[in-house]
Amino acid sequence: MIRSILMVVLPAVVFSAWAEGPVHEFALDNRLKVIVKEDHRAPIVVTQVWYKVGSSYEPAGTTGVSHVLEHMMFKGTPNHPPGQFSRIIAANGGRENAFTGRDYTAYFQTLSRDRLEIAFELEADRMRHLTLPEEEFRKEIEVVKEERRMRTEDKPTSLTYEQLLAVAYRNLPYSHPIIGWMSDLENMSVDDLRRWYQLWYAPNNATLVVVGDVDPAAVLKLAEKYFGPLKPENIPAQKPRIEPPQRGETRVSVRAPAREPYLIMGYKTPVVGHADQEWEPYALDILTSILDGGSSARLTRRLVRGEEIAVSAGASYSAFARLPGMLLMDGAPAPGHDIEEVERALREEADRLKKEPVSAEELSRVRAQVVAGKVYELDSVFYQAMQIGTLETIGLDWRLIDEYAERIKKVTPQQISQVAQKYLTEDNLTVAVLDPLPLDGKKPLASRGGHDGTH
Amino acid sequence: MGLTRKSWFLLAVLMVFGLPGAQSWAGPEIQQWTTDNGARVLFVEAPGLPMLDIRVVFDAGSARDGDSAGLASLTSGLLADGAADWNADQIADRLEAVGAELDTGSLRDMAWVSLRTLTDRQAYERSVETMRAVLVSPTFETDDLERNRKGMLTAVRIGEQKPGTVASKAFHRAVFGDHPYATPPGGTRESLESISRDQVVAFYKQHYVAENGVVAIVGALDRQQAERLAQEVVGDLPRGVKASPLQPVSELKQARRIQTQFPSSQSHILMGQPGLYRGDPDYFELYVGNHILGGGGLVSLLNEEVRENRGLSYSVYSYFSPMRRSGPFVMGAQTQNAKADEALKVMGDTLMQFIEQGPTEEQLTAARQNITGGFPLRISSNSKIVEYLSMIGFYQLPLDYLDAFTGRIDAVTVKGIHDAFLRRVHPDRFVTVVVGNGQASGE
């Protein structure tokens with residue numbers, strides 16, 4: 001009934017493997033990578049253009065610029081005035097949108113299969129020819145500020161998560177919000193966007209992913225026609241950003257108008273491509289599913305149903321990112337219990353993973369879910385394209401999608417204990433607690449930070 | 001994690017609508033029958049993937065709560081917490097050990113139990129047996145009831161810290177008055193405290209019966225297998241009787257403005273009235289008209305005026321939510337407190353102009369092209385098709401609803417939209433809710 005907030009804040013991309021439609025990979029002369037996956041179940045096609053740029057590329061002072069640029073990508077080129085892009089897609093029965101993450105900015109259209117060319121023509125045009133008019137920027141930056149107010153400023157749990165990231169990372173650029181700090185949005189100029197666009201929007205910094213009822217040779221031909229003439233750019237190399245050892249627990253409390261307390265904690269963890277041992281991220285992935293891979297998993301079973309300490313409890317981790325991140329756990333107390341009890345129970349669950357090997361049943365359950373999930377995800381062409389685009393854009397190979405299930409199968413209970421012992425440590429932990437302030441500005445709470453269970 | 005340019009809310013609204021359409025596209029072939037005990041079954045064969053989706057819906061939403069707001073939701077939430085000889089842990093174990101996903105839930109009209117599973121023998125047998133138990137022999141243990149009650153109470157409190165939820169609850173209360181659609185499906189603090197186990201058991205016995213249910217199946221099964229599946233899952237439910245007709249929704253008599261102070265940096269605006277019902281004769285005119293006004297994703301009059309031209313809101317929209325009886329017509333947006341009056345005025349003016357002048361031929365053509373051209377997208381996955389089947393079955397829409405839809409859209413005229421909006425949408429009697437502008441705002 002009450003879902004863990006992690007499910008909402010952090011929709012971790014889950015990867016799994018099963019027999020799939022064929023995938024074809026091409027590169028144009030301008031080094032645009034084109035990946036086509038056939039799926040002939042329905043007469044539709046999804047096009048996604050992924051750029052290797054996101055909030056983790058942004059320097060201090062211009063946080064949020066990737067996302068603002070994403071908004072401005074709908075504001076016209078010399079060939080297509082502001083708003084025309086969306087009108088053309090709409091008139092062709094398409095759905096379209098875009099999204100910005102830490103490691104990527106991506107644009108998509110879903111259309112019936114005979115309209116693929118329309119998406120290509122428009123995407124190619126805005127890859128190199130965006131106008132970025134000053135007057136459109138002035139309005140759109142206000143829209144983004146409204147978006148920040150809606151998503152973060154007025155959402156106490158989002159504020160708590162934002163603060164967790166801000167204090168957890170000393171050097172990693174995952175410390176600032178994707179949408180940017182409000183003060184940076186207030187000081188942003190259209191020139192910031194011009195520089196950002198110039199730096200990153202080029203065929204050799206992009207991946208074109210097409211999934212659907214298409215003929216790969218025909219897709220390649222269309223790609224060459226529309227994207228082929230675009231000039232590549234000198235893409236700046238990124239300096240490595242290495243997080244120094246944490247050397248002790250970090251805590252932050254967030255006081256905001258709210259009714260219910262909330263806790264989120266993060267342990268620094270490696271990702272695929274940045275791990276001491278290749279198997280570690282996969283072991284962490286299973287570990288997370290042992291904690292929160294459904295209603296039968298440990299957190300809901302023990303905290304929500306067994307001891308009834310929490311109304312919700314969750315865990316999330318993504319093995320696939322450009323830079324290492326955190327394994328997150330969160331929870332909200334049940335009436336009559338406080339946030340300290342929730343934190344204690346979550347820490348106990350982390351400790352238990354270090355001491356006791358996970359059971360054969362639990363492991364078998366996670367594997368069954370991976371196998372089933374691989375079939376279920378084929379029900380969505382959009383999701384299939386998302387997986388390919390994510391992996392390619394963070395510098396991995398889309399073929400990892402197929403290897404995933406095998407790698408998961410090889411993980412042993414001992415390896416799960418090992419990653420728990422190595423990474424789920426106090427010195428590696430950051431905790432953020434939402435401390436509710438009265439919503440009406442006057443009614444004092446019975447005990448600050450505790451739970452007001454009376455009515 | 002990512003941010004999208006446009007609120008996903010709009011996609012959710014499209015799903016609520018569940019409207020397909022297109023020139024040359026036909027819908028999937030729907031087969032239909034009734035189980036021996038009287039449950040209607042709709043089935044689409046989908047051999048492409050070794051999986052199946054089954055969704056059983058009942059006329060058991062919060063519109064049936066009576067004086068106990070939250071009763072339908074509490075009942076639904078308890079189904080998978082104990083059934084036959086199994087407790088919640090065992091039910092979850094049985095399903096998840098074979099990778100199956102079971103979902104229960106309820107809204108105002110409908111309650112549902114749905115299952116997605118692989119069709120290999122072990123997964124199929126284990127998950128279907130479990131779903132059957134959840135539907136046919138839930139135990140409603142007292143411990144589980146108390147835990148769910150606390151969970152719902154906490155959810156009510158969490159709703160109180162969300163300005164959008166506060167606005168939506170006030171809006172429904174004001175628009176629907178003494179109609180059952182007025183009360184929040186999640187209940188209130190007072191109502192939740194007083195619901196008894198006897199009430200839950202009685203609610204279940206009355207509403208989770210074959211005559212009051214519809215079964216939708218999409219998956220890698222043939223007709224015979226689908227018949228066996230439906231029989232296994234609902235065949236042991238008592239026949240029962242269909243829920244009695246809901247009272248009609250009364251029209252609003254006068255305009256009403258509700259201003260609630262809230263410590264948020266934005267004001268959340270909702271304005272509207274009772275809208276249309278499933279099977280409404282003005283359905284297609286109002287649907288296409290609203291698509292032009294505020295429903296067409298990134299392209300609509302409201303989006304143009306409020307967001308694109310003035311930068312007032314990230315998300316601005318309008319929708320009709322067609323229900324068994326007249327569901328709400330809503331226009332909504334959120335904007336910084338200082339701009340709330342301006343946003344309200346622009347939204348109101350945009351609507352007034354649309355009602356007075358109607359759409360242009362160009363606008364209508366663009367909307368038609370979008371709706372009909374996007375038809376294949378609407379039925380492109382098993383999960384979308386199973387939603388349509390349950391909607392068609394639940395609201396007793398014609399079986400050729402999907403096939404006929406494109407033609408109905410193409411038949412809509414400028415005059416038809418103009419006329420329907422003039423007759424059906426009355427801004428002079430709107431409920432307008434603004435939540436925000438309180439102390440201790442974030443700005």
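1. For the contacts below, two residues count as touching if their C-beta atoms, placed from the backbone, lie within 7 Å. Keep in mind as you read that this is a predicted model. With that cut-off, 71 residues of chain A are in contact with 68 residues of chain B. On the chain A side, at least two residues each come from α2 (65–72), α3 (84–91), β4 (95–100), β5 (105–112), α5 (134–153), α11 (298–306) and α13 (360–376). By class, the side of chain A that touches chain B has 30 nonpolar, 21 polar and 20 charged residues.

2. Helix α2(A) is mostly covered, with 8 of its 8 residues buried. The buried residues are A:Val65, A:Ser66, A:His67, A:Val68, A:Leu69, A:Glu70, A:His71 and A:Met72, and α2(A) also supplies at least two residues of the side that touches chain B.

3. Now the core. In soluble globular proteins, nonpolar side chains tend to be buried together. Here the largest nonpolar core holds 272 residues, and those touching the most other members are A:Leu287, B:Val134, B:Val215, B:Ile217 and B:Leu389. Which residues does A:Leu287 touch, if we skip those up to four places away in sequence? They are A:Leu353, A:Ile416, A:Val419 and A:Ala420.

4. Chain A has an open sheet of 5 strands, in the order β7-β11-β8-β10-β9, and the pairing is mixed. At the edges sit β7 (250–257) and β9 (310–316) of chain A, each pairing on one side only. From one strand to the next, the twist averages 15°. Inside that order, β8 (residues 262–269) and β10 (residues 325–333) of chain A are antiparallel partners, joined over 7 bridges.

5. Helix α12 (residues 339–355) of chain A lies across β8, β9, β10 and β11 (429–437) of chain A. Relative to β10(A), α12(A) runs at about 140°. A:Leu353, which falls within the residue range of α12(A), is one of the contacts of A:Leu287.

6. Over in chain B, take strand β8 (residues 111–118). Is β8(B) mostly covered or mostly open? Mostly covered: 8 of its 8 residues are buried. In a regular strand the side chains alternate between the two faces of the sheet. For β8(B), one side carries B:Ala111, B:Val113, B:Leu115 and B:Thr117, the other B:Trp112, B:Ser114, B:Arg116 and B:Leu118, and all are buried.

7. The β7(B) and β8(B) strands make a hairpin, with 4 residues between them.

8. B:Gly61 sits in the loop between β4 and α2 (71–78) of chain B. B:Gly61 counts as buried because it has 27 C-beta neighbours inside 10 Å; the cut-off for burial is 20 or more. Neighbours within four places in sequence aside, its contacts are B:Ala72, B:Ser106, B:Leu107, B:Arg108, B:Asp109, B:Met110, B:Ala111 and B:Pro185. B:Gly61 and B:Val316 are 255 residues apart in sequence and, C-alpha to C-alpha, 28 Å apart in space.

9. A helix pair in chain B: the axes of α13 (residues 361–373) and α16 (residues 401–410) come within 10 Å and cross at roughly 175°. Angles over 145 degrees count as roughly antiparallel, so α13(B) and α16(B) are roughly antiparallel to each other. The contact uses B:Arg368, B:Ile371 and B:Thr372 from α13(B), and B:Thr406, B:Ile409 and B:Asp410 from α16(B). By class, these residues divide into 2 nonpolar, 2 polar and 2 charged.

10. Finally, some backbone angles to look at. Most residues other than glycine have a negative phi. B:Phe140 has a positive phi of about 50° although it is not a glycine, and it lies in the loop between α4 (121–136) and α5 (142–160) of chain B. B:Gln396, also not a glycine, has a positive phi of about 50°, in the loop between α15 (382–394) and α16 of chain B. Are these residues buried or exposed? B:Phe140 is buried, with 20 other C-beta atoms within 10 Å, whereas B:Gln396 is exposed, with 11.

How values were computed:
Residues numbered from 1 in each chain as written. Chains lettered and ligands numbered in written order. Predicted model: local features only at pLDDT ≥ 70, side-chain atom pairs only at ≥ 80, totals over all residues. Nonpolar A, V, L, I, M, F, W, Y, C, P; charged D, E, K, R; others polar. Axes fitted to C-alpha atoms, helices over the stretch in contact; angles between N-to-C directions. Parallel < 35°, antiparallel > 145°, perpendicular 65-115°, else oblique. Core = buried A, V, L, I, M, F, W, Y, C linked by C-beta atoms within 7 Å. Buried ≥ 20, exposed ≤ 12 C-beta atoms within 10 Å, placed from the backbone. Pairing = 2+ DSSP bridges.
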